[in-house]
Amino acid sequence: MKKFLLSIVSLIFPFLTFAQETTEKGLDQRIDEAFQPISDFFSNVIFFEIAGTPFVLLLLVGSAAFFTIYFGFPNIRFFGKAINVVRGKYDEIDHATVDRAYGDVTPGGDAIETIRDESKEGEVSHFQALATAVSGTVGNGNIAGVALAIALGGPGATFWMIICGLLGMSTKFVECTLGVQYRDVDAEGTVYGGPMYYISKGLKDRGFATLGKIAAVFFAIFCIGGSFGGGNAAQSNQATVVLKELMGWESTSAGAIIGLVMAILVGIIIIGGIKRIAAVTEKVVPFMAVLYVVACLYIIFSNFSFVDDAFSLIFTEAFNPRAIGVGGVIGVLLVGFQRAAFSNEAGAGSASIAHSAVKTKYSASEGLVALLEPFIDTVVICTMTALVIIIFNSGGIFDYGGIAGMIEQADGTFNAVVDGVTYLDVKGKVLIDGELREGAGITASAFAEYIPYSGVFLTVAVVLFAVSTMISWSYYGLQSWKFLFGRGKTADLVYKLLFLLFIIIGAAASMNSIWAFSDAMIFAMVFPNMIGLYFLFPVVKKQLRRYLDAIKEAKA
């Protein structure tokens, strides 16, 4: 515990030099060493195992399968309808006479007849809410996270990522419907929503007020941690990797300097709140997503003859993995599920915070919109990234699952000796042309093989993914911060300063420590969120029926 507390102090004051530190250590290394014990602590607590499997993954995937079956495969049945909602086909329903047939209450808890038309509540459109939420999920988890999954689990990890993404569509539908249903709208029209509200309000309605309050507080705490970790530090970490590689910057303080620049850029954007964030993301997200997808498609179609072989590898290696150190089918399955869940965040509840700000009086309408996210994020973009990397490695450029001959050390790290050269801390990394590559660096190597000057292109893509994810997650974390500490300007400023500090920490620290902490914080949100989902999924079924009936009446 003493080491843990000392690490926190040294992170807050990274320029302090402790007596035991040598003058040769750069600022990046000192920040990384201070952060490592914090990362290890949270990772060990959250990923406790049952029968050799992290319980949180069992909870996440089992719940996604339950919601998929209970709602009759909404990820398939309502896919087309979800697209129609986003493109505005059913917008007129939101301006129709308020429906009293279901005896509903508004998100604020008042009888629906007693307040103004709910369609006027909210701050953003369906498309803006989707763009904001997608910008929070489509990030470097799609570039670096997929590369990490393949480096650890081989091509088979891709198959389990796709399965997790398809199941996650149902979970995202449930949590985002609840996000709108139980949101708060203040006198000025500002929306406050997310799991902390539907957990506390929904459980209170069912006679479990105390449990609801406790679970909501824990969710808010974990969401703040998630905003600092997966939604922030992990993003700046990978942006820094590609920026340093592009510029050939070997300074021991390069990460901290890059992080400081990114912190200033993000700070300018997040001051504007959800409307500013939505205005930025609805332009940046489609642009960067299309740009990245086009580049992936170019590589895929340029090597079209190998695509069937790549898919064959994905399927066969999912059930018969040959990757080094993957630990069999269960090992590759866990790698795939973990990276997919980190990427699309279905079950974590974070996206419902953005979706709760939508202008609608039918909560299920936004739930349908939300189910598109895991499909876009995992089934489409993650799969494309995986295909690019697998095609790139068709000639055996690197070993799947780790470097041959790697040996675990006493401190838990892995070293490897190749051709007389010792490589340190190689877990999650691959050896390409004699150099260690990790995360976005693996994807960058694949792009460089097929696209001239792709280093600049991928660097821009990674930075755009990182910045868009960070600004969206700053909103998620701030909403949770407000839930805990009130809605004052001083409280907001404290959160934003801490958020910006973690951009610098993420840029300076190593990938292993940052991603372990990020995984822990994202997955910690699953526990309290699932309490809310299991108590309230009947509400979702009722609201879905209400919305579908409204569509039928509009067509009649």
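The following dialogue goes through some features of a predicted model.

Q: What kind of model is this, and how are residues numbered?
A: The model is predicted, so local features need pLDDT of at least 70 and side-chain atom pairs count only at pLDDT 80 or more, while totals for chains, interfaces and linings use all residues. Residues are numbered from 1 along each chain as its sequence is written, and side-chain values use heavy atoms, with hydrogens and water left out.

Q: How many helices and strands does the protein have?
A: Helices (H or I, at least four residues) and strands (E, at least two) are DSSP runs, numbered from the N terminus. The protein has 22 helices and nine strands.

Q: What share of the residues is buried?
A: Buried means under 20% relative accessible area, exposed over 50%, and partly exposed in between (1.4 Å probe, protein chains only). Of the 556 residues in the protein, 60% are buried.

Q: Is Thr459 buried or exposed?
A: Thr459 lies in helix α19 (residues 454-485). Its relative accessibility is 6%, so Thr459 counts as buried. Contact means heavy atoms within 4.5 Å. Leaving aside neighbours within four places in sequence, Thr459 is in contact with Val242, Leu243 and Leu246.

Q: And is Asp205 buried or exposed?
A: Asp205 is in helix α9 (residues 195-205). Asp205 counts as exposed because its relative accessible area is 55%. Asp205 and Leu536 are 331 residues apart in sequence, but their C-alpha atoms are 9.9 Å apart in space.

Q: At what angle do helices α21 and α22 pack?
A: Axes are lines fitted to C-alpha atoms, for helices over the stretch in contact, and angles run from 0 to 180 degrees between N-to-C directions. Angles under 35 degrees count as roughly parallel, over 145 as roughly antiparallel, 65 to 115 as roughly perpendicular and the rest as oblique. Helix α21 (residues 511-524) packs against helix α22 (residues 526-555) at about 20 degrees, with the axes 5 Å apart. The two helices are therefore roughly parallel to each other. Ile522, Phe523 and Ala524 of α21 meet Val526, Phe527 and Pro528 of α22 in this contact.

Q: How do α8 and α14 cross?
A: The axes of helix α8 (residues 156-181) and helix α14 (residues 328-344) come within 7 Å and cross at roughly 45 degrees. That angle makes α8 oblique to α14. Residues in the contact include Trp160 and Lys172 of α8, and Phe337 and Arg339 of α14.

Q: In what order do strands β5, β6 and β7 stand in their sheet?
A: Two strands pair if DSSP finds at least two bridges between them. The three strands form an open sheet in the order β5-β6-β7, with antiparallel pairing. The edge strands, β5 (407-408) and β7 (421-423), each pair on one side only. Two bridges join β5 to β6 (residues 414-418), and Ile407 stands opposite Asn415 in β6.

Q: Which residues lie on each face of strand β8?
A: In a regular strand the side chains alternate between the two faces of the sheet. In β8 (residues 429-432), Lys429 and Leu431 are on one side and Val430 and Ile432 on the other, and all are buried.

Q: How does β8 pair with β9?
A: β8 and β9 (residues 435-438) pair in the antiparallel sense over four bridges. The bridge partner of Leu431 is Leu436 in β9. The two strands form a hairpin with two residues between them, and Asp433 in the turn has a positive phi of about 55 degrees.
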